[in-house]
Amino acid sequence: MKDEFISLLKSTGRTGIDAVIDYLCKAGFFEAPASVQRHLSHDGGLLEHSLNVCRVALKLREAMISLKPDVESRLPENSVIIASLLHDVCKTNIYRKNTKYRKNEHGRWEPYEGYDVDYSRFPVGHGEKSVIMLLRLGMELTNDEVVAIRWHMSAWNLAFQSYEDKCNISAAVEGYPLLALIQAADGLAANMIENN
Ligand SMILES: [Fe+2]
Ligand SMILES: [Fe+2]
């Protein structure tokens with residue numbers, strides 16, 4: 001899976017992609033879980049999730065282009081690959097392994113290897129954190145890619161008390177088909193492929 005992930009990213013030929021891959025290798029992206037409990041909570045889960053989102057997004061791209069050919073210009077394949085594989089890089093360094101306890105079938109507590117979350121290293125959010133990390137590594141991103149990665153969680157991490165955030169997300173949802181695609185692929189991967 002790691003080889004597939006890296007070769008997909010390299011296939012885009014995007015400026016800065018080698019530095020991003022280098023960072024992800026060193027910082028633990030390929031070993032990280034996708035979440036603490038919700039989906040793919042195991043080593044390598046984040047890699048698996050990112051590839052699932054990419055596979056779904058590429059299929060959705062084809063489907064949407066066949067239904068509405070004029071969206072093709074806003075959905076270049078490279079953008080779909082970049083936004084889907086890198087939308088959750090913000091999770092690279094937030095999980096720490098820890099021993100947890102759960103009840104077994106006899107009602108007795110037993111230890112298992114789980115994860116804790118620590119946001120303290122760079123607490124600037126979720127999608128916006130991914131964008132900042134990528135730009136800092138020298139990656140070139142189009143506006144469509146920035147918007148898609150920034151808002152991929154859509155209303156799930158929207159600060160509802162913020163009038164400006166509401167206006168921003170409305171504009172993003174209405175005018176950025178790559179966002180709609182990544183958001184749908186992220187939800188479909190997490191809720192239809194990875195829920196067990
Ligand atoms: Fe996410
Ligand atoms: Fe995700």
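Which residues in α3 meet which residues in α8? Let's walk through that helix pair, and then a second one, in this predicted model.

## Helices α3 and α8

On the α3 side, the residues are His 49, Asn 52, Val 53, Val 56, Ala 57, Leu 60, Arg 61 and Met 64. Their partners in α8 are Leu 181, Ile 182, Ala 184, Ala 185, Asp 186, Leu 188, Ala 189 and Ile 193. Sorted by class, this contact of α3 with α8 comprises twelve nonpolar, two polar and two charged residues.

Now for the geometry. Helix α3 spans residues 45-67 and helix α8 spans residues 177-193; their axes come within 8 Å and cross at roughly 125°.

## Helices α4 and α6

The second pair joins helix α4, residues 77-86, with helix α6, residues 143-150. Here the axes come within 10 Å, and the crossing angle is roughly 30°. Because angles under 35 degrees count as roughly parallel, α4 is roughly parallel to α6. As with any such pair, handedness is worth a look: α4 passes α6 in a right-handed crossing.

Which residues make this contact? From α4 come Ser 79, Ile 82, Ala 83 and Leu 86, and they meet Asp 144, Glu 145, Ala 148 and Ile 149 in α6. The residues of this contact of α4 with α6 divide into five nonpolar, one polar and two charged.

Technical notes. Residues numbered from 1 in each chain as written. Chains lettered and ligands numbered in written order. Predicted model: local features only at pLDDT ≥ 70, side-chain atom pairs only at ≥ 80, totals over all residues. Axes fitted to C-alpha atoms, helices over the stretch in contact; angles between N-to-C directions. Helix = DSSP H or I, 4+ residues; strand = E, 2+ residues; numbered from the N terminus. Parallel < 35°, antiparallel > 145°, perpendicular 65-115°, else oblique. Left-handed = near helix turned anticlockwise from the far one by under 90°. Contact = placed C-beta atoms within 7 Å. Nonpolar A, V, L, I, M, F, W, Y, C, P; charged D, E, K, R; others polar.
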